[in-house]
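Here are my notes on the model you sent over, as numbered points. I start with the interface and then go through the chains.

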Amino acid sequence: MRDLKVTPIKNGTVIDHIPTGMALKVLRVLGITGDVNSTVSVLMHVPSKQRGWKDIVKVEDRELNPKELSKIALIAPDATINIIRNYNVAEKHTVALPDRAVGILRCANPNCITNSREPVESVFLVRSKEPLRVRCQYCDRELEDVAGHIL
Amino acid sequence: MGGFTGRDVLSIADFSRKDIEVVLKAAKKMVPIARGEKANRTLEGRILSTLFFEPSTRTRLSFESAMKRLGGDVVAFGPIEASSIVKGETLADTIRMVESYSDAIVLRHPQEGAARLAAEFTERPVINAGDGAGQHPTQTLLDLFTIWDQRGGIDGAKIALVGDLRYGRTVHSLTYALCSFDVELTFVAPAGLQMPKEVAEHVRAQGIPLAVTEDLPKVVPNLDVLYITRIQKERFPDPQEYAKVAGTYRIDAEVLRGAKKSLIVLHPLPRVDEIAPEVDATPHARYFEQAFNGVPVRMALLSLIFGGAP
């Protein structure tokens with residue numbers, strides 16, 4: 001029995017080991033809304049040896065930059081990123097949550113100075129990785145819904 | 001925080017116990033100068049800018065008084081309407097401009113995080129005089145100084161914080177600072193205005209004994225320090241509900257009847273109905289000393305920041 005549901009890609013990025021249910025958030029973080037020029041495959045709720053179930057996203061003809069990797073780390077801390085060139089895995093990365101998330105989150109406090117027209121990037125200090133807890137360096141507020149505030 | 005020369009004063013969280021004690025001891029030496037009994041010119045030639053983006057008369061005046069008592073000078077922002085702010089200038093640009101007019105900057109701003117942002121755009125030390133609902137570290141230092149000075153120390157004190165503990169920024173900062181000392185805390189507030197969970201969690205995590213209650217008269221006999229804050233009418237949709245709560249958390253002779261002789265009552269002022277005028281004449285009332293202490297504490301900070309230890 002063939003269990004291959006999606007064929008390998010020629011060039012692009014495979015994001016594997018996404019927590020089940022988070023694939024659509026990964027798409028949103030990558031700015032993939034529907035208006036695409038290359039194939040995007042989304043696999044939700046597939047069996048995983050490590051954690052039972054997982055999601056996978058395959059984006060053809062696009063390689064992710066470090067800022068995009070940091071954003072994915074916020075919602076899928078155990079994700080692995082495979083850069084595919086000519087059907088081969090050219091680069092293999094694990095995402096890593098930095099101690100400071102710079103310019104990738106918007107503060108939920110509407111009265112925070114970073115939400116005004118000031119020439120600064122937001123800075124969040126990662127207080128704990130499991131569970132994920134981040135605090136705005138400017139207004140000291142803890143951000144409750146991290147996935148909902150990714151820029 | 002370590003050395004003080006040239007440092008920003010943004011949040012009380014940047015102050016270790018040792019730092020706090022350095023400020024308190026320096027402030028004590030400043031008291032006779034703050035009272036005008038001794039002259040001092042150590043900050044002669046220094047200029048402090050006071051940037052108040054929202055009104056706060058007593059904080060601004062006490063900074064100005066502190067600077068002038070030490071022989072320094074102050075340049076103040078005119079009314080906001082007349083300045084570039086209404087023309088849409090960013091805080092970052094305002095700070096870059098003010099930097100060239102003065103040696104240190106005092107900032108009061110309606111938005112949280114404004115002082116930290118300001119500090120990133122200038123080499124001059126920035127002193128946070130309140131940013132929105134955020135930090136107001138010099139208020140905390142003067143509260144600590146009052147407790148320390150009135151009792152001869154902070155360790156061992158049984159301290160109750162009373163009133164609007166949910167929204168009052170002074171009580172949050174004070175609580176965090178008191179966790180550096182060996183104290184017992186009681187939070188007294190109506191149900192909807194109790195201390196935020198993360199503040200209470202922090203206190204417990206530091207191993208500080210903590211009681212949480214709505215019953216003020218019951219805790220009074222056990223206390224060394226009673227710190228009461230204003231309950232704001234705006235927090236209550238129903239005026240009757242406000243009247244009921246405000247009446248419950250009012251300090252008068254009756255409430256203080258069972259108190260220790262040495263109990264001190266503090267309030268960041270202005271008060272409305274929280275403390276009956278009859279309390280003013282009792283030895284418990286120390287809130288006017290507390291207000292005065294804003295001057296020596298700010299003198300101490302300015303002096304330390306400018307590198308002139310007293």
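1. Let's start where the two chains meet. This is a predicted model, and in it 14 residues of chain A are in contact with 18 residues of chain B. Together the chains bury about 1300 Å², with 45% of that on carbon and sulfur atoms.

2. How many salt bridges cross the interface of chain A and chain B? The rule finds one. The partners are A:R141 and B:E112, and their closest N and O atoms are 3.2 Å apart. As for the make-up of the side of chain A that touches chain B, six of its residues are nonpolar, four are polar and four are charged.

3. Next, a helix pair inside chain B. Two packed helices are described by the angle between their axes and the distance between the axes. For helix 1 (residues 17-34) and helix 5 (residues 137-151) of chain B, the axes come within 10 Å and cross at roughly 70 degrees. Angles of 65 to 115 degrees count as roughly perpendicular, so that is the label for helix 1 of chain B relative to helix 5 of chain B.

4. Which residues make that contact? From helix 1 of chain B they are B:I20, B:V23, B:L24, B:K25, B:A27, B:K28 and B:V31, and from helix 5 of chain B they are B:L141, B:L144, B:F145, B:W148 and B:D149. Sorted by type, the residues of this contact between helix 1 and helix 5 of chain B are nine nonpolar and three charged, with no polar ones.

5. Back to salt bridges, this time over all chains: the rule gives 22 of them. One to look at is A:D78 with A:R51, where the closest N and O atoms are 2.3 Å apart. A:D78 sits in the loop between helix 2 (66-75) and strand 4 (80-85) of chain A, while A:R51 sits in the loop between strand 2 (40-48) and strand 3 (52-60), so the pair ties together parts that are 27 residues apart in sequence.

6. For the overall layout of chain A, the secondary structure comes to two helices and nine strands. Reading from the N terminus, the order is β-α-β-β-α-β-β-β-β-β-β. Taken along the principal axes, the C-alpha atoms of chain A fill a box of roughly 55 × 30 × 25 Å.

7. Last, some backbone details to check on screen. Most residues other than glycine have a negative phi, and most peptide bonds are trans. In chain A, the peptide bond from A:E130 to A:P131 is cis, with omega near 0 degrees; A:P131 is in the loop between strand 7 (123-129) and strand 8 (132-136) of chain A. In chain B, the bond from B:L269 to B:P270 is cis, also with omega near 0 degrees, and B:P270 is in the loop between strand 9 (264-266) and helix 10 (287-305) of chain B. A:N86 is not a glycine, yet has a positive phi of about 50 degrees; A:N86 lies in the loop between strand 4 and strand 5 (88-94) of chain A.

Methods: Residues numbered from 1 in each chain as written. Chains lettered and ligands numbered in written order. Predicted model: local features only at pLDDT ≥ 70, side-chain atom pairs only at ≥ 80, totals over all residues. Heavy atoms only, no water. Contact = heavy atoms within 4.5 Å. Buried area = accessible area lost by both parts, 1.4 Å probe. Salt bridge = Lys/Arg side-chain N within 4 Å of Asp/Glu carboxyl O. Nonpolar A, V, L, I, M, F, W, Y, C, P; charged D, E, K, R; others polar. Axes fitted to C-alpha atoms, helices over the stretch in contact; angles between N-to-C directions. Helix = DSSP H or I, 4+ residues; strand = E, 2+ residues; numbered from the N terminus. Parallel < 35°, antiparallel > 145°, perpendicular 65-115°, else oblique.
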